Amino acid sequence: MCANVLVAEDDPKQAELLRRYLQREGHSVAVVHDGRTAIEQARLRRPDLVLLDVMMPGVDGLDVCRVLRAESDVPVLMVTARSTEDDLLLGLDLGADDYLTKPYSPRELMARVRTLLRRTRRGSGEEVYRVGGLTVDRERHMVLADGREVECTPAEFRILEALAACPARVFTRSQLLEHLHGYDRFITERTVDVHVKNLRKKIEPQPQRPVRLRTVYGVGYKLVSDRAP
């Protein structure tokens with residue numbers, strides 16, 4: 001699920017951390033350091049998601065959120081050191097979709113990002129991914145390989161969904177693991193390999209010679225079209 005993300009954070013070190021976390025997930029990231037520029041870039045770039053720090057110079061994050069919500073329905077995740085209930089409620093009342101207080105873990109941040117992006121994709125009707133002869137229908141939780149329905153476990157479906165959302169992008173095993181939390185009780189990088197092996201038996205014409213779910217040695221896996229352009 002690759003997305004264009006705008007990060008508005010006045011602390012350069014914190015902004016760089018956010019950039020790294022998001023880029024590691026395959027997202028395209030633009031970073032700004034003040035509220036006025038955040039508004040300008042949101043209008044220019046039309047991002048899929050905005051990560052917005054509350055305490056910024058000039059126009060603060062709350063005012064930015066107010067402007068963004070008046071002009072669009074872009075998902076807004078507010079990130080702040082303020083943790084009182086009043087601060088949280090104010091941000092949500094202004095139209096923020098979620099609120100994350102510092103310090104936070106990278107895993108929690110990315111889980112919230114994925115949740116917001118899934119909501120957006122549902123609202124936009126982007127429920128079906130097609131990669132060559134493979135179809136992944138998120139709403140009906142269905143996979144078709146050359147028109148033939150194949151049965152996938154919940155964990156297998158989550159892996160395939162992540163790969164199909166970003167065709168040709170290489171996912172590391174650790175990135176795919178992030179999509180499995182809550183679906184497997186005991187998960188390791190070896191778990192991903194087992195699921196991939198089982199998926200190939202279901203979606204590949206010749207599982208021993210995969211043309212769809214490819215291994216990128218030393219890195220991870222990617223899903224590519226098996227059909228000529």
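This dialogue goes through several features of a predicted model.

User: How many bridges join β3 to β4?

Analyst: Take the two strands as a pair and look across from one to the other. Strand β3 (residues 49–53) and strand β4 (residues 76–80) run parallel and are joined by four bridges. Across this pair, Leu51 stands opposite Leu77 in β4.

User: Which residues of helix α3 are buried, and where do they fall around the axis?

Analyst: Start with the general idea. An α-helix has 3.6 residues a turn, so residues three or four places apart point the same way. In α3 (residues 61–71), the buried residues are Gly61, Leu62, Val64, Cys65 and Leu68. Seen down the axis of α3, they fall within an arc of 155°, so they line one face of the helix. At the start of α3, the backbone nitrogen of Leu62 has a side-chain oxygen of Asp60 within 3.1 Å.

User: Why do Cys65 and Cys152 count as buried?

Analyst: The cut-off is relative accessible area: buried means under 20%. Cys65 counts as buried because its relative accessibility is 0%. Cys152 also counts as buried, because its value is 18%. As for disulfides, the structure holds zero.

User: Where is the cis peptide bond?

Analyst: Omega is the angle to read for a peptide bond. The cis bond joins Lys102 and Pro103, with omega about -5°. Pro103 is in the loop between β5 and α5 (106–123).

User: What is the phi of Arg46, and is this residue buried or exposed?

Analyst: Read phi together with the residue type. Arg46 has a positive phi of about 50° although it is not a glycine. Arg46 sits in the loop between α2 (35–45) and β3. Its relative accessible area is 69%, so Arg46 is exposed.

User: What are the phi and the place of Ala168?

Analyst: Ala168, again not a glycine, has a positive phi near 75°. Ala168 is in the loop between α6 (154–165) and β10 (171–172). With a relative accessible area of 48%, Ala168 is partly exposed.

Technical notes. Residues numbered from 1 in each chain as written. Predicted model: local features only at pLDDT ≥ 70, side-chain atom pairs only at ≥ 80, totals over all residues. Heavy atoms only, no water. Pairing = 2+ DSSP bridges. Disulfide = S-S within 2.5 Å. Buried < 20%, exposed > 50% of the residue type's maximum accessible area, 1.4 Å probe, protein only. Arc of directions from axis to C-beta. Polar contact = N/O pair within 3.5 Å; in protein donor to acceptor, adjacent residues only side chain to side chain.
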